[in-house]
Amino acid sequence: MMNIKPSEKQPALLTMNPLLFMVILGIVQGATPLTVDLYLPAFPAVARDLHVGVGSIELTLAVFLVGMAVGQAVYGPFTDKHGRKKPLLVGLAVYTVGSLMCAVAPSLTVLMLGRLLQALGGSAGAVITMAMVQDLWQGKEAARRFSLLGLVSGLAPIIGPALGGVILTKFPWQVVFWGLSILGVVMAVLVVFLPETSNREERKTVRLRDALDNYLVLLKNRPYLLFMLSIGWVFGVLFAYVTASSSIYMETLHVGPGLYGMLFGLNAVGLMGASQLNRVLLNRFSLFQLGLFGVLLNVTVCVVLFILSVLGIHSLIAVATLFFFLMVSMGFTMPNLPALAMGHVKERIGSASALLGTSQFLVGGLAGTVVGLLDGPLVLAVLAGCSVVALTFLLLAGRGRMAGDPVGGPMPPSSGH
């Protein structure tokens, strides 16, 4: 049995098996994509029961993404001040209450409020699980733990839609949210057994009133800001796809809930496979080169999808193939662009991580909202537009490298630090 090796800053508090520790964190982190993906096949059924259009149900996803953005911004500095476990348990309690509200929702308004509470609670897991790993490991060992964490939590978007499709063939859509309520309770029980990983003495030096100033300093860091905006708009593509996929597959292409869940899960396999290939390719190529490849592939796929839609070509094989490669592109952008951004930050690491997450869900929520209000080729125009904006910011961020700096060479000093 392995023993956890704490970092130099962290006292030797831990005796838990590291694999069990990472599995628990992976379950908590995976709750967010599972909460998004599990009810995607239920959109038409929820719309019928609540007597609204599918576009209105798609807006509940946008509400969830905005809640995730706001929640992460709050939990970032809050967990630095009050530790990891207590804020995480509070977040899981809020998540469970939100899930229960969704399960008994008699109207669209109550469903939206429940989704908002789910997001505000679930955002604790997104921020705090990453912080707990950074509390305990550094350097390459931390990177290995993040890879393991991503592997465990990455199962959620694979099994989520497929499981949701199976549930809907046997039970009403409310069962999905009853299940998420139970998951919230189970996660809280598991977290009780986790150790507190933050350093009590360091927490005493944290002042919550400085949180806004820290964020403002980060926004003045030009390289960090440009890379952050690039990955933010990539997430705009991702969440626009998640929001629109059910209507594209199930209404335009007449795919049933079961097949839709399988196709969505297959795309998640593409993302995970590309991210693992990315780990191998980093031995030969730089973060910037692989990130640029991912964004270029992203733009190409989105533009082709838009052209097919304008031409009125509705081919399940073509659309499913393009969506698969869209997720492959995410496997190269999602690991590399945040790493490029964080490489320009020498301090305020927690705030920088929270700001990255907030920007991703803000842009994702915006794109999801717009997609929920549109139909036809305009939906795919949103995806194409987000991908082009992401490429623009990435090229601006990499302009110094392209002008002569060696790609993959040393990062320039951070501005604002």
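Predicted model: local features only at pLDDT ≥ 70, side-chain atom pairs only at ≥ 80, totals over all residues.
Colleague: Let's start with H1 and H3. Which residues does each helix cover?

Modeller: H1 runs over residues 18-37, and H3 over residues 54-82.

Colleague: How do you even describe two helices packed together? What numbers do you use?

Modeller: You give the angle between their axes and the distance between the axes. Here the axes of H1 and H3 come within 11 Å and cross at roughly 160°. Angles over 145 degrees count as roughly antiparallel, so H1 is roughly antiparallel to H3.

Colleague: And is the crossing left-handed or right-handed?

Modeller: Right-handed, as H1 passes H3.

Colleague: Okay, which residues meet there?

Modeller: From H1 you have Thr32, Thr35 and Val36, and they meet Leu61, Phe64 and Met68 from H3. Sorted by class, that contact has four nonpolar residues, two polar and no charged ones.

Colleague: New topic: empty space. How do you find it?

Modeller: You roll a probe the size of a water molecule over the atoms, and that shows where empty space is left.

Colleague: What lines the largest cavity?

Modeller: Its lining is Val28, Ala31, Leu88, Leu92, Tyr95, Gly122, Gly125 and Met187. The elements giving two or more residues are H1, H4 (85-103) and H5 (108-136).

Colleague: Which helix gives the most to that lining?

Modeller: That's H4, with three residues.

Colleague: Let's switch to the second largest pocket. How much space lies in it?

Modeller: About 400 Å³.

Colleague: How many residues line that pocket, and which lie nearest its centre?

Modeller: There are 24 lining residues, and Ile248, Thr252, Asp375, Gly376 and Val379 lie nearest the centre.

Colleague: Which elements give two or more residues to that lining?

Modeller: H3 is back again, together with H11 (222-252), H13 (287-310), H14 (316-342), H15 (349-373) and H16 (377-397). H11 gives the most, with five residues.

Colleague: How many charged residues are in the lining of that pocket?

Modeller: Three, alongside 14 nonpolar and seven polar residues.

Notes. Residues numbered from 1 in each chain as written. Heavy atoms only, no water. Axes fitted to C-alpha atoms, helices over the stretch in contact; angles between N-to-C directions. Helix = DSSP H or I, 4+ residues; strand = E, 2+ residues; numbered from the N terminus. Parallel < 35°, antiparallel > 145°, perpendicular 65-115°, else oblique. Left-handed = near helix turned anticlockwise from the far one by under 90°. Contact = heavy atoms within 4.5 Å. Nonpolar A, V, L, I, M, F, W, Y, C, P; charged D, E, K, R; others polar. 1 Å grid on protein atoms, 1.4 Å probe; cavity = no way out; pocket = protein on both sides within 12 Å on 5 of 7 lines; lining within 4 Å. Points joined across faces, edges and corners; volume = space filled by probe spheres on them.
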